[in-house]
Amino acid sequence: DYDDAAAHSMAAAYAARSAGLEVQAKAYRDHAARILAAMQKAGFTHTAYRALGWAMLEAYDGREEAAAQSLIAAIPGEPHLFLVVQQEPLLAEVLKRPDVQTAIASEKARAEVQRVDVLAILCSPSSDWKTFRTATGTCG
């Protein structure tokens, strides 16, 4: 799946650069850039993982503002992506920005509403999920 290939390539570029392997880092970075450019040129629909790939490329290249905007666009597009991006060392500086923190907080709040809604459905005495057994302690 090429949707997250650029993000994976950028993670490899960051790791290679961190290890002092500049030639390999540039090869991974350039590969990610080619993937993203080709998808953009071909008119592929925007996806959260493609926006994440752009954010990582932009962060790697030192374009923090562009990286922040791409990351803010990516976060609400995929469930729990806000958790994934917080583990990505390449995005560490961008993640410190208040606008990015606001986007993450908003997505966390949305995920919490969904969690409560799902528990209400699963744990309701009138639930249609009569054959579904929740894990011990799920429903209080």
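I read along the sequence and found the pattern α-α-α-α-α-α-α in the protein chain. That is 7 helices and 0 strands, where helices are DSSP runs of H or I with at least four residues and strands are E runs with at least two, numbered from the N terminus. The radius of gyration, taken over C-alpha atoms, is 19 Å, well over the 14 Å of the globule rule for 140 residues, so the chain is more spread out than a compact globule. That rule is 2.2 Å times the number of residues to the power 0.38.

A note to myself: this is a predicted model, where local features need pLDDT of at least 70, side-chain atom pairs count only at pLDDT 80 or more, and totals for chains, interfaces and linings use all residues. Residues are numbered from 1 along each chain as its sequence is written, and side-chain values use heavy atoms, with hydrogens and water left out.

Next I looked up how α4 sits against α7. Helix α4 (residues 64–74) and helix α7 (residues 98–123) pack at about 5°, with their axes 10 Å apart. Axes are lines fitted to C-alpha atoms, for helices over the stretch in contact, and angles run from 0 to 180 degrees between N-to-C directions. So α4 is roughly parallel to α7, a label for angles under 35 degrees.

Which residues of α4 meet α7? I found Ala 68, Gln 69, Leu 71 and Ile 72 in α4 against Asp 99, Val 100 and Ala 103 in α7.

Last, I checked Met 10. Beyond its neighbours within four places in sequence, Met 10 is in contact (heavy atoms within 4.5 Å) with residues including Arg 29, Met 56 and Leu 90.

Conventions. Parallel < 35°, antiparallel > 145°, perpendicular 65-115°, else oblique.
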